[in-house]
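Here is a friendly briefing to read alongside the model.

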Amino acid sequence: MINVIKDTIFKLDTKDTSYIFRVTKTGQLENLFYGKKIKELPDETALSEKNSVGMGTMVGYDQKHQTMILDNLCLEYSGIGKGDYREPFLDVTLSDGTYVTDFIFKSHKILSGKNDSLGNAASYGENIKTLEIELIDNYAGLSMFLYYTVFYASDVITRQTKLVNNSKDRVQIKRIMSMQLDLPYAGLTMLTFDGAWSRERNKIERALNSGITINDSKSGASSNRHNPLTVFKRENCTQDEGECFGVNLIYSGNHYTAAEVGMFGKTRILSGINPYCFNWDLKAGEQFLTPEGVMTFSSRGLNGMSQNMHSFIKNNIVRGNWKDKERPVLINSWEAMFFDFDEEKLLGLAKESADLGIELFVLDDGWFGRRNNDRSSLGDWVVNKKKLPEGLKGLSDKIKKLGLLFGLWVEPEMISDKSDLYALHPDWAVKIEGRTPSITRNQMQLDLTRPEIVDYLYNALEAVFEEGAVDYVKWDYNRTFSDMMSGQTDNQGEFFHRYILGLYNLLDRLTARFPNILFESCASGGNRFDLGMLCFMPQTWTSDNTDAFQRIFIQEGTGYGYPPSTMGAHVSETPNNQTFRTVSFDGRFNTASFGLLGYELDLNYSSKQDKKSAIEQIEFYKEHRRTFQFGTYYRLMDGFSGNYAGWITVSEDRSEAIAVMFTKIHYANTNSDILRLKGLDDDKMYKIEARRQAFALKPFVPIVSKAVSMVTPIKLPEDGVIAKNVLEKIVLKTEKEEYVCGGDLLNNAGIKLHQPLVGMGFDLETRILLDFESRLYLIKELE
Ligand code: GLA
């Protein structure tokens, strides 16, 4: 809801929040409030800054308004050269060489729906409204439009900026932000989600003190180094209580979020395209549109903030035929076979997969050109007939006959120097003539700033997707930029942004041409997990790291801003390829089930027991898939600290929920664990039961033999016939534990779980959770 009061006060209301600003008498926009909903605003002066006396070393706006001190105002936009010395929103060099700007309110408009956007890289929604504010700087001949779109139900407001050059001269934009949020207080803690390949999105907290703190990416992609999601929490904000803000950017390139605590203890938050290496020529008559900045406020703690972001992504970012649709359980050939496969091997894997209940077969890297390792062929999107003699069509037909959907891996933005494409068009690779280009994984990037290269990719991919009757595409991106130079423009300060515009153009066209394909974006795992990619691809490969233990942190960190329905999560081999860690087959499932379940291992080598477990897992997952993928997600605790982590996902009508509880390290003889849940209906009665997992005795036969010999007259030597032929083959079920109780008990008290493993003295009731293990709990409303 957008309320305009006296033509100068703007009050944007969502379900639980209000965002209020006004026009000052000198024409600036003063932010009055962002926080928990305020019903009425009879007197806006209650919220405005009062400066009736000038202060030392402060600049007054002009002779008449010497106490209008911009440095001490909460502003919606801030420029340079009028006395506000904090981080600017805009930095433009005018044709006279000066960089002072002074934008003054001109008018406002309420638009139904949205303003223009960077193709489909934008939020959308039904019955939404956008407030457009026009500001002008007459001296510069520039207009600036600020857009505010209100997403009522998810408590999100997005912001966007458009700069229009009405002058006769070129200006240079060195920085233009999407959003600015000035808060009249300090004391915030900033949460960022940082990491690296295979270790993405760890939650990092830092208290903001006087000065500037930046969360950004300079690699050309939104990056695994620093995700664009940035959270700000106030004192006493916990997972479920207290106030916090979430900020994100609908963009896949270099992002920048800065928080500055200024001289008066006000906090400024800015977010937009990273000014790093950015310099845009805006010629006379041209306009520049930023990506959209996203902000949300929650007074329900960090879980509330995450739920707002999740609801926004599910309803207003993800689009197309797969938007709200349950996603298929997949098998991926990568960790199963890497480059070493042929049609027969693939079909063998597909057959095994179909038998287990898997629904989608994904052929990963290695199917095209001469790609038998990572040293060649990117760019040559033509099937390798040695591996697949009947082409993609032949393979796809056979896969589909097994009742599976067919999916394919591509990495379109790249080129190998050993490729036919490079032989034909060496100038298509991003590099600088005369410099030796730097290389990652033997590959370079294609110059997507050039429309003819975008066209080439569109045509090449269209042919491949058609031939393979492809149902799913894994769109990979395995390096970041070096040797940046665009063949399209002389102004290299435009390179990074033009690249992203080229990419979005390609994705706009391909997703329109293939509306039924389920796209999953990937960038060496999670190097481009962002809202921009999610506008085109409903899901993202969260990380190349499939270790069930490290995934707790990767998925929990990701979950602060992105819902489980966006996170690919696979059960893979053990010991794990990335960490050499061993986690039980069901333990691996428990982590993967809180995302979009897949398997990524060669099932031909899986034990009978693992296959049996896989059948049960897939059955269970499908039965509760809606809740796993689209339920309301809560963190039961902060999994980054302490010895436990836990999550719950609750169905919309709260008749069903699934919780998971992880033990990081098992300690002997500890207190019983308490499982306290969230989000259940206090007035409903539920049955809660632990999902019983397979527990193979084999590794513990020496212990069990000794225990039996100790407490009974039977003597069981560890290497005896019974130990070898009987005990080693026994697969037990983990503890049977179930209760019937009200939602109020589960939410407010929690259950004292069975006694944990003490050592040799265990029985079938014992809750045996070894290091890195976990348990799922199914909670169902009683009929
Ligand atoms: C990247 C991806 C993997 C796999 C390989 C194939 O590393 O993240 O999942 O697709 O490329 O080369």
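Within helix H13 (residues 701-711), the residues Val701, Val704, Ser705, Ala707 and Ser709 are buried. Buried means under 20% relative accessible area, exposed means over 50%, and partly exposed lies in between (1.4 Å probe, protein chains only). Helix H14 (721-725) is included in what covers the buried residues of H13; helices (H or I, at least four residues) and strands (E, at least two) are DSSP runs, numbered from the N terminus.

This is a predicted model, in which local features need pLDDT of at least 70 and side-chain atom pairs count only at pLDDT 80 or more, while totals for chains, interfaces and linings use all residues. Residues are numbered from 1 along each chain as its sequence is written, and side-chain values use heavy atoms, with hydrogens and water left out.

**Another covered helix**

- Helix H9 (residues 550-559) is mostly covered, with nine of its 10 residues buried.
- The buried residues of H9 include Arg551, Ile552, Phe553 and Ile554, and Gln555, Glu556, Gly557, Thr558 and Gly559 are buried too.

**Nonpolar cores**

- In soluble globular proteins, nonpolar side chains tend to be buried together.
- A nonpolar core here is a set of buried Ala, Val, Leu, Ile, Met, Phe, Trp, Tyr and Cys residues joined through side-chain atoms within 4.5 Å.
- The largest nonpolar core holds 179 residues, and Trp367, Phe465, Trp475 and Tyr599 have the most contacts inside it.
- Nine residues of this core come from helix H7 (residues 495-513), which gives the most to it.
- Phenylalanine 465 is in contact (heavy atoms within 4.5 Å) with Val410, Val470, Val473, Leu510, Phe514, Ile517 and Phe519, leaving aside its neighbours within four places in sequence.
- Another core lies apart from the largest one; it has 19 residues, among them Val650, Leu675, Ile688 and Leu753.

**The ligand and its shell**

- Arginine 441 places a polar side-chain atom 2.9 Å from an oxygen atom of the ligand.
- For aspartate 476, an N or O atom in the side chain is 3.0 Å from an oxygen atom of the ligand.
- For asparagine 478, an N or O atom in the side chain is 3.2 Å from an oxygen atom of the ligand.
- On its own the ligand has 310 Å² of accessible area, and the protein covers 95% of that. Accessible areas come from the Shrake-Rupley method with a 1.4 Å probe; for residues, only the protein chains shown count as cover.

**Buried polar and charged residues in loops**

- Lysine 678 sits in the loop between strand E34 (674-675) and strand E35 (685-690).
- Lysine 678 counts as buried because its relative accessible area is 13%.
- The side chains of lysine 678 and aspartate 240 are joined by a polar contact of 2.5 Å. A polar contact is a pair of N or O atoms within 3.5 Å; within protein, one must be able to donate a hydrogen and the other to accept it, and residues adjacent in sequence count only if both atoms are side-chain atoms.
- Asparagine 527 and tyrosine 477 are 50 residues apart in sequence and 8.3 Å apart in space, C-alpha to C-alpha.
- A polar atom of the asparagine 527 side chain lies 2.7 Å from the backbone nitrogen of asparagine 224.
- Serine 419, in the loop between strand E24 (414-416) and helix H5 (420-424), is buried at 6% relative accessibility.

**Backbone details**

- The peptide bond from threonine 574 to proline 575 is cis, with omega near -5°; proline 575 is in the loop between strand E29 (567-572) and helix H10 (585-592).
- Asparagine 127 has a positive phi of about 55° although it is not a glycine, and at 77% relative accessibility asparagine 127 is exposed.
- Cysteine 277, also not a glycine, has a positive phi of about 60°; cysteine 277 is partly exposed, with a relative accessible area of 42%.
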